[in-house]
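Morning, everyone. Please bring up the sequence and the model on your screens. I'll talk you through it.

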Amino acid sequence: MTPTINADRLWQSIMDIARIGPTPEGGSNRMALTPEDAAARALFLEWCKALGLAFTQDAIGNMFLRRDGTDPAAHAVAFGSHLDTVPTGGRFDGVFGVLAGLEVMRTLHEAGIRTRAPLELVNWTNEEGSRFRPAMMGSRVHAGDMSLEAALAITDDHGVSVAQALRDSGQAGGLTPAPRGWAWWLEAHIEQGPVMEASNSDIGIVTGTMHARYFQLTVTGEPSHVGPTAMDRRRDSLAATAEVILAVERIAHEAEPRGRASATWIENFPNARGNVANITRLHCDVRHEVAARAIEMEAALRTALDAIAGRRQVRIEVDLYATFGPVLFDQTLCNVLRRKAEDRQLSVRDMTAAAGHDSVLVAKLCPSAMLFVPSVDGITHNPKEYSTPEQLARGAQVLLDAIVELAG
Ligand SMILES: [Zn+2]
């Protein structure tokens, strides 16, 4: 029998990280490579060093914490998630996966157990993509899905580049991002949806993810005066964008329950009172469990854009700037997780992840899988995001049990 994780210690660590970048409503705001993100990383690193884990960092800021095995030739079992949050973040998204991994390391350390294969705990850079798009940037560069140079050149809304933010936050590591020869990859995460709670499940086995397509739309009209310009002579990019936002929402409603779509971010020029707007940028995405249906959703979006552009005499450019999935996670690994959960008398159900996760990228490199724990009311990216200490402990225990089996 593998040792039991320390549920109180896991909970305490999550609460300690949550206090960094606190929001008034009780959540966390640690966007990637901000001073808050750097402070959370520093505390995490301090905990890892106390366990004697060897720390390396690559040039996109991904953190790798290694625990040697007894067989130097064995490929590592790797696991982890991300410590960055959205601006309205909760305390658990990503953080749980990193700190459940830390709890695995702590439990093994305390029990004096050395596995045959080495273990690597990872904190990926900029999973959320709130500050720098696209999301899952660190794992994307690691997996070769995006070049390091391209990622470093990306800027936030204030013109700060990823390269600059890495330097300013002290997170530009020396390693060239590259696959590390892992035998297996596991990520524990909160569900961020209501399905597990409704079905009374303890552990979700994530068998795959949706296919998502992310767009930047640029709507171009003509600047004019809000007073003298007759309504039928206006080419108002902001009003056109309002129609686009509603079209995205309509496409999402039509795709439920297996598809979703959202408009999330807007930038408007000249954004001046007294002026009819002439350039508006919008970010939106479409996603579906079936890749072909996501592509149909994109086609529906493009049809709607053509109609809006024609009617309102604006130009709409579409830049498909990122995609992820669909990914089918490794069957063998899913079975290990399922068996380990059942061995602990936990109820299990299969899940499809609707959100993007770093595991989507790692799955290109080695057999990968994810496990979910329930989210109370399915609330996420919100200060009210919550999972109970018991729910989190069950997830961390199954993670430990699986890692011990895989690493021997
Ligand atoms: Zn996450």
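**A walk through the model**

Let's start at one spot: Gly-193 is buried, because 21 other C-beta atoms lie within 10 Å. A residue counts as buried if 20 or more other C-beta atoms lie within 10 Å of its own, as exposed if 12 or fewer do, and as partly exposed in between, with C-beta atoms placed from the backbone.

Two notes on the source. This is a predicted model, where local features need pLDDT of at least 70, side-chain atom pairs count only at pLDDT 80 or more, and totals for chains, interfaces and linings use all residues. Residues are numbered from 1 along each chain as its sequence is written.

Back to our glycine. Where is Gly-193? Gly-193 sits in the loop between β5 (184–190) and α7 (195–198). Helices (H or I, at least four residues) and strands (E, at least two) are DSSP runs, numbered from the N terminus. Leaving aside neighbours within four places in sequence, Gly-193 is in contact with Ala-354, Ser-375 and Gly-378. Contact means that two C-beta atoms, placed from the backbone, lie within 7 Å. Now look at Thr-229. Thr-229 is 36 residues from Gly-193 along the chain, and their C-alpha atoms are separated by 47 Å.

Next, Thr-4. Thr-4 belongs to the segment before α1 (7–18). Buried or partly exposed? Thr-4 is partly exposed, because it has 13 other C-beta atoms within 10 Å. Thr-4 and Lys-384 are 380 residues apart along the chain, yet 29 Å separates their C-alpha atoms.

Now zoom out. The protein chain has 12 helices and 14 strands. Its C-alpha trace spans about 80 × 45 × 40 Å along the principal axes. Of its 408 residues, 52% count as buried. The radius of gyration is 22 Å, which agrees with the value near 22 Å for a compact globule of 408 residues. That radius is taken over C-alpha atoms, and the globule rule is 2.2 Å times the number of residues to the power 0.38. Take contacts between residues at least 6 apart in sequence: 78% join residues at least 24 apart.

On to the domains. The chain is divided into domain 1 (7–209 + 326–407) and domain 2 (211–324). Those bounds come from an automatic or database domain assignment. How far apart are the centres of domain 1 and domain 2? Over C-alpha atoms, 33 Å. At the join, 8 residues of domain 1 are in contact with 10 residues of domain 2.

What about the inside? The largest nonpolar core has 116 residues, and Val-77, Leu-337, Leu-371, Ala-396, Leu-399 and Ile-403 touch the most other members. A nonpolar core is a set of buried Ala, Val, Leu, Ile, Met, Phe, Trp, Tyr and Cys residues joined through C-beta atoms within 7 Å. Helix α12 (residues 389–407) gives this core its largest share, 11 residues. Domain 1 and domain 2 each supply at least three residues. Take Leu-399. Not counting residues up to four places away in sequence, Leu-399 touches Phe-79, Ala-100, Val-104, Leu-186, Ala-188 and Leu-371.

Last stop, helix α10 (residues 331–343). Its 13 residues reach 18 Å from first C-alpha to last, close to the 18 Å expected at 1.5 Å a residue. The expected span is 1.5 Å times one less than the number of residues. Buried residues of α10 include Leu-333, Leu-337 and Arg-338. The buried residues of α10 pack against β5, β6 (203–209), β13 (348–353), β14 (368–373) and α12. After α10 comes Gln-345, with a positive phi near 60°.
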